[in-house]
Amino acid sequence: MNRQKSVGLYADKIVTLFNQSYQSYGTRRIRFDLQKENIWVSRRYIARVMKALLLVSKYTVKRYQSHTTEVNETATENHLQ
């Protein structure tokens, strides 16, 4: 089985699942949804298909941003002397 044929076997199903998820699903979620439909493929196969079709999933952006406060370098008294 050559590589072009193996990429095209479930490529249409992978593309539809990817687009239904608003292009946010990666290999793990696509594999889980394919298993619900009794299609058993590996994550490597899904990654190969996604790479061949230039499908890149979105990832969540860090929401928390740290805010700078005043510097903790204030002069303190030396009580020991």
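## Burial and the basis of the values

A residue is called buried when its relative accessible area is under 20%, exposed when it is over 50%, and partly exposed in between (1.4 Å probe, protein chains only). By that rule Asp33 is buried, with a relative accessible area of 16%.

This is a predicted model, in which local features need pLDDT of at least 70 and side-chain atom pairs count only at pLDDT 80 or more, while totals for chains, interfaces and linings use all residues. Residues are numbered from 1 along each chain as its sequence is written, and side-chain values use heavy atoms, with hydrogens and water left out.

## Nonpolar core

In soluble globular proteins, nonpolar side chains tend to be buried together. A nonpolar core here is a set of buried Ala, Val, Leu, Ile, Met, Phe, Trp, Tyr and Cys residues joined through side-chain atoms within 4.5 Å. The largest such core has 13 residues, and those touching the most other members are Ile14, Ile30, Leu34, Val41, Tyr45, Ile46 and Met50. At least two residues of this core come from each of helix H2 (11–20), helix H3 (27–36) and helix H4 (43–52). Helices (H or I, at least four residues) are DSSP runs, numbered from the N terminus.

With neighbours within four places in sequence left aside, Ile30 is in contact (heavy atoms within 4.5 Å) with Ile14, Leu17, Phe18, Tyr25, Ile46 and Met50.

## Asp33 in helix H3

Asp33 belongs to helix H3. Not counting residues up to four places away in sequence, Asp33 touches Leu17 and Tyr25.

## Aromatic pair

One aromatic pair is present in the structure. The ring centres of Tyr10 and Tyr45 are 6.5 Å apart and the ring planes stand at 90 degrees, so the pair is edge-to-face. Rings of Phe, Tyr and Trp (its six-membered ring) pair if their centres lie within 6.5 Å; planes under 30 degrees apart count as stacked, over 60 as edge-to-face and the rest as tilted.

Because Tyr10 lies in the loop between helix H1 (3–8) and H2 and Tyr45 in helix H4, the pair ties together parts that are 35 residues apart in sequence. Tyr10 is partly exposed at 28% relative accessibility, whereas Tyr45 is buried at 9%.

## Positive phi in the loops

Tyr22, in the loop between H2 and H3, is not a glycine but has a positive phi of about 55 degrees. Tyr22 is exposed, with a relative accessible area of 68%.

In the loop between H3 and H4, Asn38 has a positive phi of about 60 degrees, although it is not a glycine. Asn38 is exposed, at a relative accessible area of 62%.
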